Amino acid sequence: GVRLEHSAYLSVAAAPPQFDPVAYSASIARLHELNLAKLYLTHFGEITDVSHHLSQYALRVEQAHEGVEEMIQAGVSGTMLRHSYTATEAALSMDAGVSEELWEKYQLVNPTQMCLDGIALSIERRG
């Protein structure tokens with residue numbers, strides 16, 4: 001996951017084509033079982049609250065996947081799907097206290113539209 005500047009917002013890294021919610025969940029569970037003291041997120045720094053981080057990330061992966069799946073099942077697609085997913089993630093980040101400036105950094109390092117593409121592709125493949 002992507003967690004910038006120790007913010008409470010945790011962005012799901014779901015770049016296509018590798019996003020697979022089942023595999024993500026299994027990997028998170030395996031890491032959790034290791035009872036690690038620290039994680040070093042690629043490009044995003046050290047995490048010392050490992051158990052909390054992994055629990056939150058598992059929840060975020062599930063939320064993001066289910067949210068996109070519900071929108072697709074409701075017939076939302078294309079530009080509207082992109083706007084809806086981005087708006088949902090932006091609202092979550094703001095609720096977590098992320099500033100507009102930090103939100104822009106999240107968009108640079110893990111764009112919501114790219115992640116949406118990965119999640120939607122996983123749903124399409126499974127479909």
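Buried means under 20% relative accessible area, exposed over 50%, and partly exposed in between, using a 1.4 Å probe and protein chains only. Helices are DSSP runs of H or I with at least four residues, numbered from the N terminus. The model is predicted: local features need pLDDT of at least 70, side-chain atom pairs count only at pLDDT 80 or more, and totals for chains, interfaces and linings use all residues. Residues are numbered from 1 along each chain as its sequence is written, and side-chain values use heavy atoms, leaving out hydrogens and water.

**Helix H3**

Leu81, Tyr85, Thr86, Glu89, Ala90 and Ser93 of H3 are buried. They lie on the same side of H3, because they cover an arc of only 155° around the axis. That arc is taken from the directions from the helix axis to the C-beta atoms. The face turned away from the buried side carries exposed Met80 and Asp95. The buried residues pack against H2, helix H4 (100-109) and helix H5 (112-126). Contact here means heavy atoms within 4.5 Å.

H3 runs over residues 78-95, 18 residues, and should span 26 Å at 1.5 Å a residue; its end C-alpha atoms are 26 Å apart, which agrees. The expected span is 1.5 Å times one less than the number of residues. Glycine 97 follows H3, with a positive phi near 90°.

**H2 against H3**

The axes of H2 and H3 are 11 Å apart, and the helices pack at an angle of about 150°. H2 is therefore roughly antiparallel to H3, a label for angles over 145 degrees, with under 35 counted as roughly parallel, 65 to 115 as roughly perpendicular and the rest as oblique. Axes are lines fitted to C-alpha atoms over the stretch in contact, and angles run from 0 to 180 degrees between N-to-C directions. The residues making the contact are tabulated here.

| Helix | Contact residues |
|---|---|
| H2 | Arg60, Ala64, Val68, Met71 and Ile72 |
| H3 | Leu81, Ser84, Tyr85, Glu89 and Leu92 |

**Two single residues**

Histidine 53 sits in helix H2 (residues 50-73). Its relative accessibility is 3%, so histidine 53 counts as buried. Leaving out residues up to four places away in sequence, histidine 53 touches Arg3, Leu10, Leu39, Leu41 and Ile47.

Alanine 13 lies in the segment before helix H1 (21-33). With a relative accessible area of 24%, alanine 13 is partly exposed. Its contacts, apart from neighbours within four places in sequence, are Val2, Phe19, Tyr24, Tyr57, Asn110 and Cys115. Valine 61 is 48 residues from alanine 13 along the chain, yet their C-alpha atoms are separated by 8.6 Å.

Note on methods. Helices (H or I, at least four residues) and strands (E, at least two) are DSSP runs, numbered from the N terminus.
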